[in-house]
Amino acid sequence: MTKINISTRNSFVSESELVDILVLFLVDQGYKVKLEVSNMGQSVDVVANKKSWYMLVEAKINNWKRAIEQCQAHRMVGDHICIAIGTKVVSTELLKQAKIDGIGLIHCSASEGSCTWVEAPQKNTDYWHPERERFIEGMKEISYAG
Amino acid sequence: MPASHWMQFATFAEQRHFVYPNENTYNGVVLNANMVAHAPGGIAAFILEKTGTQTSYIIDPLTHAYQHNPEFITNSAGALKSSIKSLAHFYGSPLLDILGDRPLLPRDFSKTENIVSFTKNVIDFQNNFLSGFMADSGSAKYLDDVEANPPPYALIAPYFYFTETTIDLWLDVYKKCAIQASEYVSDISESKFFLSMVVSQGVIVDEALYSKIADSVADIDCDGFLLWIDNFDETQASTKELEGFLKFGRRLRHGEREVINLHGGYFSVLASGAAGSHAITGVSHGPEFGEFRSVVPVGGGIPIAKYYMPDLHRRERYRDALQIFRKSGWLESSEEFHSNVCNCDECQSVINGDIANFAQFGDGNIKSVKRKTGIVRIQYPTTETKMKCLRHYLSCKQMEYENAANQPKTKLLDDLENTINRYEEIVGLDGISHLRKWHHVLSEI
């Protein structure tokens, strides 16, 4: 597993630090990754693509409730929806809500400088093809990260 | 009597929509005086060429603008906005004496001569300023004298913003201006004479306060009021605020006076009709926005595409509307959509038999925006998207006004209840709470 040695801190200073290790984690897993992808007036932090599958990831240092809200719109376009959370431990409330909503969960550890899967995302069948096509088209101009 | 339907002029980009969906949709246009001062030729041409033959206009003198912190009437460079400055020159003293230095205060009107001259100038501006520009307009030669120089529907007295703490400080000046204006208008014009009532939300929930205001103007000879409650979003207001709004409207009506809510939505439309026992008589809104508005401007924010939900009577972000429709199965086909969501001309035109075309209500161009955290990519609605959303909104508005005018109260309340039942599981209790409140308040009348 690729790690980033960011510091001896126990917490992330910024979301971009979290995203940096998240990108390496996803690339290690065989995904092609793009950042800050526009989706219906919002910006998705990370879109990870494997073959024709698109996984939309909201990265948050701790505000997981906001991430859950943002994920609702992502259901209109993505095959899998995930939250990458940077808290020291994953709260049971978040885990419970993620399971209910079929949202995947990735824990990103500042102290370890690495990520692990906590909950795999369920296949999202709520997407709407016309909007998904627009979303995929809109990603073409964005370069790959990692 | 149906609610009079007014729309506010915002920018010249929307001017062609004042005859949409048809020429007789709007009873009138509300023009802000600073826009009139800034672009009189364009405004004159707009009135003569872009509005229906039965569409009147009112010029809101915007005298309240000068009582706030001058920073709200300055541009990003710190200079007074040119339109505000132009207007101030017409209004004269005491405004010109303090312009840009400090806000207007009640003591600036301590001299009777200031009340008289200021009031006269405010009325004269509304009554006379556009005349020459209308005469010079290219279309004037095709019109008779009256058609080429239509007077305003009503002339508005100078007015000031009342909050719970400033009513007692401004009311005397307000009343003196109102009396002065009433006498002057009756001498010079056959236009109606209105007062403008701009109040904070705290006023409408305090019966003593709004009664005081209403009582103070009860004896003034006027035909009606423009009403503006600061940032009064009917879809977020409490039951008490909605009730206060109706009661205040009724007090101002004093029997037969007109009361036009300058920034209102469907609740105001209902309030104007049988459902609200005619608490007010008319409603104005902007071209898609402006169903509520802050007295002190609060700008900013990224423009996003919003689709007006006919059943919920409010605009939703495109992505939220999409989720609602997807969840409900109304995006399965164009037939499902038109049966369950909207069958207006614009939706029929956009969807054109292919439900995938609904996405056009959310189309945008992606731009990179610099944030503290780095660059993010945000989608801004295209001009075409904004126009589609606007035309759909205006079609819905026309249907709302027509329904409120033609349906009995029981049917209108049943419609609210049916929507509550239909949408409860889709949007949750919070999503339809405003309909419950409206139903409750209107049922109690």
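The following points concern a predicted model and treat its interface, selected helices, salt bridges and individual residues in turn.

1. Extent of the interface. Chain B places 18 residues in contact with 19 residues of chain A. The two chains bury about 1700 Å² between them, and carbon and sulfur atoms give 58% of this area. Three arginines stand out on the chain B side: Arg319(B), Arg326(B) and Arg377(B) supply 37% of the area that chain B buries against chain A, more than any other three residues.

2. Polar features of the interface. One salt bridge is found across the interface of chain B and chain A. Its partners are Asp363(B) and Arg134(A), whose closest N and O atoms are 2.6 Å apart. There are also 11 residue pairs in polar contact across this interface, counted with both residues at pLDDT 80 or more. On the side of chain B that touches chain A, the elements giving two or more residues are helix 13 (318–328) and strand 13 (374–381). The residues on that side comprise 11 nonpolar, three polar and four charged.

3. Helix 1 of chain A. This helix covers residues 15–28, 14 residues in number, and spans 20 Å from its first C-alpha to its last, close to the 20 Å expected at 1.5 Å a residue. Its buried residues are Glu17(A), Leu18(A), Val19(A), Ile21(A), Leu22(A), Val23(A), Phe25(A) and Leu26(A). The cover over these residues includes strand 1 (32–39), strand 2 (42–50), strand 3 (53–60), strand 4 (80–85), strand 5 (104–109) and strand 6 (114–119) of chain A. Just after the helix, Gly30(A) adopts a positive phi of about 95°.

4. Helix 2 of chain A. Within residues 64–74, the buried positions include Trp64(A), Ile68(A), Cys71(A) and His74(A). Arg66(A) is partly exposed, with a relative accessible area of 34%.

5. A salt bridge between distant parts of chain A. Arg75(A) and Asp126(A) form a salt bridge in which the closest N and O atoms are 3.3 Å apart. Arg75(A) belongs to the loop between helix 2 and strand 4, and Asp126(A) to the loop between strand 6 and helix 4 (129–139), 51 residues apart. Arg75(A) is buried at 17% relative accessible area, whereas Asp126(A) is partly exposed at 33%. Elsewhere in chain A, salt bridges link Asp79(A), Lys123(A) and Arg132(A) in a network. Over all chains the structure holds 24 salt bridges.

6. Helix 16 of chain B. Lys397(B) forms a salt bridge with Glu291(B) at 2.8 Å, N to O. This pair joins helix 16, which holds Lys397(B), to the loop between strand 9 (282–285) and strand 10 (306–309), which holds Glu291(B), 106 residues apart. Both partners are buried: Glu291(B) has a relative accessible area of 15%, and Lys397(B) one of 0%. His392(B), also in helix 16 (residues 383–406), is buried at 0% relative accessibility. Beyond its neighbours within four places in sequence, His392(B) is in contact with residues including Tyr307(B), Tyr308(B), Cys342(B), Cys344(B), Cys347(B) and Phe361(B).

7. Asp108(B). This residue sits in the loop between helix 4 (95–98) and helix 5 (112–128) of chain B and is buried, at 11% relative accessible area. Its side chain reaches the backbone nitrogen of Leu105(B) at 2.7 Å. Apart from neighbours within four places in sequence, Asp108(B) is in contact with Pro94(B), Ile98(B), Arg102(B), Pro103(B) and Asn114(B).

8. Thr87(A). Thr87(A) lies in the loop between strand 4 and helix 3 (92–101) of chain A and is partly exposed, at 22% relative accessible area. Its side chain reaches the backbone oxygen of Val89(A) at 2.8 Å. With neighbours within four places in sequence set aside, the contacts of Thr87(A) are Ile61(A), Asn62(A), His107(A) and Cys108(A). The C-alpha atoms of Thr87(A) and Cys108(A) are separated by 7.6 Å, although the residues are 21 apart along the chain.

Terms used:
Residues numbered from 1 in each chain as written. Chains lettered and ligands numbered in written order. Predicted model: local features only at pLDDT ≥ 70, side-chain atom pairs only at ≥ 80, totals over all residues. Heavy atoms only, no water. Helix = DSSP H or I, 4+ residues; strand = E, 2+ residues; numbered from the N terminus. Buried < 20%, exposed > 50% of the residue type's maximum accessible area, 1.4 Å probe, protein only. Polar contact = N/O pair within 3.5 Å; in protein donor to acceptor, adjacent residues only side chain to side chain. Contact = heavy atoms within 4.5 Å. Buried area = accessible area lost by both parts, 1.4 Å probe. Salt bridge = Lys/Arg side-chain N within 4 Å of Asp/Glu carboxyl O. Nonpolar A, V, L, I, M, F, W, Y, C, P; charged D, E, K, R; others polar. Expected span 1.5 Å × (residues − 1).
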